[in-house]
Each structure stands twice: as structure tokens, then as C-alpha cells.
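Below is a short briefing for a reader new to this structure. Please look over the sequence and the model before going on to the points that follow.

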Amino acid sequence: MTTYYSEDHEWITVEGDTATLGITKHAADQLGEVVFIEQQDSGEEFEKGGEIGVIESVKAASEIYAPLDGEITEVNEDLADNPSALNEDPEGAAWIYKIKLSDSSQLEDLMDLDGYKALIG
Amino acid sequence: MPYLPSRLHGEDGYEISIPDADAVRITKLFLAHDDCEPAGLGARDSLRLEAGLCLYGNDIDQSTSPIEASLAWAIQKRRKEEGGFPGAARIQKELAEGAAKKLVGIKPSGRAPARQHVEIQCAEGNTIGEITSGCFGPTVGGPVAMGYVSAGHGEPGEQVKLIIRGKAHDAEIVALPFVTQNYKR
């Protein structure tokens, strides 16, 4: 089980060809109090860079961009009723999607924890 | 130090003028006090919107009239009757015949905040206006908004649709303010 990070402040934990995706603690802190999340449905396919949801905080609306190609296999439905979980535990209970990767070689374009820490300074 | 009592955001407050050179030092002195917290534009915006107050540039501008913006209370009775001020012809006409659109409070039913420029549709799906201000209202505990709807719409209780990122969300026209003002008069 390995965790990768994107420049758009998402994390992806990979097990085989399935993965769990969420936003980083750093992203959640920058957004401020999250009040709403719009998620796509299970079964939706997406391409790297495509919009796969929107998170709204008290301050602004921010799109979630796909860090690689894949398909949504499961949606964390709890977030709709409890969006503040994204502030409390963004890298744990408040995962956003389970996804099936189309091309696991795309993981090589993402960062490891040290790389991500360097990015956010 | 000059200061003025202010209800700019629908709550008690003071506006303070500080010489440029001392602004940072005096602000830090305020923030050192236990009861004093910083509040930015976002906090001020949600406060005034919950109080049902217009923001110039969002809800009113050079194209809107005070009658459309439900600000007729701000015009003296004598002025309304006699006119004789810039824009009097339009304002007196709208007072007599009604305005083409009016500013109303809008309460989204779900959690999705409806922000500026979101389209408002009537229950039948026709476009009747646009959101001019919208945010999450912390005191209300949900999204709040205001916007203009065309004549014939806008009675409190009317059900409308808000088109947010291409999806229709249920909302209701409500009387303003969202939060009753509780400042001292």
C-alpha cells in the first residue's frame, strides 16, 4: 500500500489496481470550513486533469481535478451529510472516491510524501 | 483617534481611522486583547448577507434602481412625491407602476451555496433572474442568497430552482433578513 500526492493537493493510496482518493490536510486547511461537496456517481470514467467534483468552503468553490485516468467504483456518501469531515480527517475517514486505475504507470508522475512536503514548504 | 458607530454589516460596530504609519501597530494592540479576533471580508460578507443588506457592486450598481432593490424606505416621502432629483422620473414611475424586477431573499433547500450569477428559474423552468450575492450563512447554518427576480415573481414562499454548475437545486423565496438584527438603536 503506497500513498502518492498530486500538485492539486490530492492523495491516492493504491492497493493493486484500485485506489482511494482524497484531499490533503494542507488543502483542507487552506480551504477553511468545508460546507458542501458535489461528487460524481460510481461508474463515472474520468481522464487525468478532468473535473471530478467540487468542494465549497465558507470562502470559495474549488474543483477537484483527476490526478490520473480511471473510473469511480465507490463514493463516500457520508460526506454529503457531513462535509466538515473533510476538515477533521481529510486523509482518513473523509476519503472522497474509490477508483479503478486505467494506467498505473501514471502514478510515476505523482509525488511521494517527501516530494509533497517539499511542494507545500 | 476618530471613530464612528457603524451598522454597516447589521451588527454593532465601529469604524476607526488610523494614520497609515500606525495601522499595523494599533491593529496588533487590538488583536492582543482576549476578546478581539480578526475578521476578514468573507466574515463581513456573510454577516451583511444574513442581515439582508445590499453590497454595492453585487446587489446594486448604476443600472439598478432603489425601487428594484427594495430600498424605497431610504427615499424621503417628500422626495417620492415631488421628485426633483437625479433619476426621479424612473423612480416615481416604478413606485406607481412597479419595477421590472426586484431584489429578494433566497434560501437554497440543500447544502450547495448559490453564488453570484447563478440562474434563477421558476417552478416551470423559465429563467426569472439571477443571484447577486450568496454564501454559507454561519448563523443560519446553511446557504443564503439574494438576487433579482422579474415582476410577477418573488413572493415569500415561492418555490424556485437554482442552476448551479448545470444542475437544478430547489430553493425558496424568503423575506429578508435571514437573521434578525439585534444591534442597539
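**Strand pairing and chain contacts**

L162(B) stands opposite H169(B) in β8(B); strands, like helices, are DSSP runs numbered from the N terminus (E, at least two residues, for strands; H or I, at least four, for helices). This is a predicted model, in which local features need pLDDT of at least 70 and side-chain atom pairs count only at pLDDT 80 or more, while totals for chains, interfaces and linings use all residues. Residues are numbered from 1 along each chain as its sequence is written, and chains are lettered from A and ligands numbered from 1 in the order in which they are written.

**Strands of chain B**

- Strand β7 (residues 159-164) of chain B pairs with β8(B) in the antiparallel sense over six bridges; two strands count as paired if DSSP finds at least two bridges between them.
- K161(B), for its part, stands opposite D170(B) in β8(B).
- The hairpin of β7(B) and β8(B) has two residues between the strands, and R165(B) takes a positive phi near 50 degrees there.
- β8 (residues 167-174) of chain B is also joined by four bridges to strand β3 (residues 101-108) of chain B, and these two run antiparallel.
- In β8(B), A171(B) is the residue opposite P108(B).
- β7(B) has an antiparallel link to strand β4 (residues 119-122) of chain B as well, made by four bridges.
- Here C122(B) stands opposite V160(B) in β7(B).

**Where chains A and B touch**

- Nine residues of chain A are in contact with seven residues of chain B; contact means that the C-beta atoms of two residues, placed from the backbone, lie within 7 Å.
- On the side of chain A that touches chain B, β4 (34-39) and β6 (51-57) of chain A each supply at least two residues.
- β4(A) gives the most to this side, with three residues.
- By class, this side of chain A has six nonpolar, no polar and three charged residues.
- In this scheme Ala, Val, Leu, Ile, Met, Phe, Trp, Tyr, Cys and Pro are nonpolar, Asp, Glu, Lys and Arg are charged, and the others, Gly among them, are polar.

**K59 of chain A**

- An unreviewed UniProt entry carries the annotation "modified residue: N6-lipoyllysine", which covers K59(A); UniProt positions are given in the numbering used here, feature names are shortened, and annotations may be inferred rather than shown by experiment.
- K59(A) lies in the loop between β6 and β7 (61-65) of chain A.
- Leaving aside its neighbours within four places in sequence, K59(A) is in contact with L31(A), G32(A) and G42(B).
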